[in-house]
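Subject: Two-chain model for your review

Dear colleague,

I am handing over the structure we spoke about, and I would be grateful if you could look through it alongside the notes that follow.

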Amino acid sequence: MTFQTIMSILLAGLGMTAKIFVITLAGSLPLGIVIALARMSKFKILSWPAKFYISFLRGTPLMLQLMAIMFGPYYLFHLELGTNWKFVACCIGFILNYAAYFAEIYRSGIQSIPKGQHEAAAVLGYSKSQTFFLIVLPQVIKRILPAMGNEIITLVKDTSLAFVLGIAEMFTQAKAIAAREVSMLPYAITALIYWICCLLIEWLLSLGEKKMAYYHD
Amino acid sequence: MTVMSLENVHKSFGKNEVLKGVSLSIAKGEVVGIIGASGGGKSTLLRCATLLETFERGSLSYGDLMVAQEVDGRTVYAKKDVLAQAKQRFGLVFQNFNLFPHYTVLKNITDAPLRVQKRDKDEVMQTAAQLIEKMGLQGKENMVPNELSGGQQQRVAIARALCSHPDILFFDEPTSALDPLLTREVLRVIRQLAEEHMTMVIVTHEMAFARDVADRVVFMDGGVIVEEGPAAELINNPQHERTRAFLSKTEQG
């Protein structure tokens, strides 16, 4: 196998990795807000399930969660979910898991916003949702961006867990090539590619931080 | 004409009764100072009037709008749309300004009129420009609050409250977070508003200011209004023993 072939297989895997990464963020970033709001609700019927959700998804291995979602429907309900299910199950697993972590980061940010901001908005007549989306959330995002960056970088590498479902993302491909070629080179290249991806994300995050550096409180 | 009226308001935090039957009525154009020691219920009274707190007994109205009414010894609040309407009739200036730090000065002032009141953009911008000039904030329109001094921030907060055209403006210790120099510039704009007969209720520790600017001063202690009367009279010649004790203490610093 030439170096070129190895690279083309790995880069195809990287495409799948990127797909999982983007879909996970698109799903878990908004879902995290919903769970954080439920978690902070004064209604126990909302806050208790949210607490349980966060505790369970953070307290069990993501790898097990992926497998449970992949195989659960068949073993529990004898559902045959077709060939697409593998990828869908993978995305569901990642979204649900990351939403739990994001929810706690959102919560830390939302709770750090002074009460006076809510009160000023209330007196000016802003509705609850206007207050949240216009006044609170923008300030929350500035405050939680470093913590979010941590999770997002972790997600880049966590996508490799999709190998347990046999999804052809980059790490799965590297493993296959390494086994066939009896070589560590694919792993080394893969590590480098992950790192480059993370550098790119670090750069994007620093741009975001700079964009919001025009004020502080 | 009565702009705002609180009647027999009782408010407790847990078992601690903070307001024990307070009635206060503000006429159009009147400037009322509320004085008293910390913990006497002054701020809680303002927070009840501005709907930041709910009270258990008593009633509250803004002009013809009945906001909260006592029914069988318990306060019942009006529906959401009435409360929203009432919020358009008052403004509140906080001790800590509570400006929106991510908004520029101009946006702090114009956002609520545009978004909440849905007023015409040209008109709001014009109103804001006048307020900015009046508050001595020219050239600061595009700055964010953390680039301003405390006194400037408080003047932005006053402009923000005024831009919604409230019938009455409440101040909750507007200068307590400021040093004497900055206090003076904030007091100056409040004084100017008083001269224009803006209806205002000011909780303050600045006795000289209350005496000079307010038409009427209310002394609160222990959750009740102990004494009220024309400003100069009450501060120079208090009738009640508790008022005298409080005022002599503040004079000593």
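Helix α4 of chain B, which covers residues 121-134, has 14 residues and reaches 20 Å from its first C-alpha to its last, close to the 20 Å expected at 1.5 Å a residue; please keep in mind here, and throughout, that this is a predicted model. The buried residues of α4(B) are Val124(B), Thr127(B), Ala128(B), Leu131(B) and Ile132(B), and because they cover an arc of only 135° around the axis, they lie on the same side of the helix. On the other side of α4(B), the exposed residues are Asp122(B), Glu123(B), Gln126(B) and Glu133(B). As for what covers the buried residues of α4(B), this includes α3 and α5 (150-163) of chain B. Just after α4(B) comes Gly136(B), which takes a positive phi of about 70°.

Turning to chain B as a whole, its secondary structure comes to nine helices and 11 strands. The radius of gyration of chain B is 18 Å, close to the 18 Å that the globule rule gives for 253 residues, so chain B is as compact as a globular protein of that length. Along the principal axes, the C-alpha atoms of chain B fill a box of roughly 50 × 45 × 35 Å, and 47% of its 253 residues count as buried. Among the contacts in chain B with a separation of 6 or more, 61% are between residues 24 or more positions apart.

Chain A, for its part, has eight helices and zero strands, and its C-alpha trace spans about 70 × 45 × 25 Å along its principal axes. Of the 217 residues in chain A, 29% are buried, while residues 24 or more positions apart account for 73% of the contacts in chain A with a separation of 6 or more.

Where the two chains meet, which elements of chain B give two or more residues to the side that touches chain A? In total, 18 residues of chain B are in contact with 17 residues of chain A, and the elements in question are α2 (80-87) and α3 (105-115) of chain B. Sorted by class, that side of chain B has nine nonpolar, seven polar and two charged residues.

Conventions: Residues are numbered from 1 along each chain as its sequence is written. Chains are lettered from A and ligands numbered from 1 in the order in which they are written. This is a predicted model: local features need pLDDT of at least 70, side-chain atom pairs count only at pLDDT 80 or more; totals for chains, interfaces and linings use all residues. Two residues are in contact if their C-beta atoms, placed from the backbone, lie within 7 Å. Helices (H or I, at least four residues) and strands (E, at least two) are DSSP runs, numbered from the N terminus. Ala, Val, Leu, Ile, Met, Phe, Trp, Tyr, Cys and Pro count as nonpolar, Asp, Glu, Lys and Arg as charged, and the others, Gly among them, as polar. A residue is buried if 20 or more other C-beta atoms lie within 10 Å of its own, exposed if 12 or fewer, and partly exposed in between; C-beta atoms are placed from the backbone. The expected span of a helix is 1.5 Å times one less than its number of residues. The arc is that of the directions from the helix axis to the C-beta atoms. The radius of gyration is taken over C-alpha atoms; the globule rule is 2.2 Å times the number of residues to the power 0.38.
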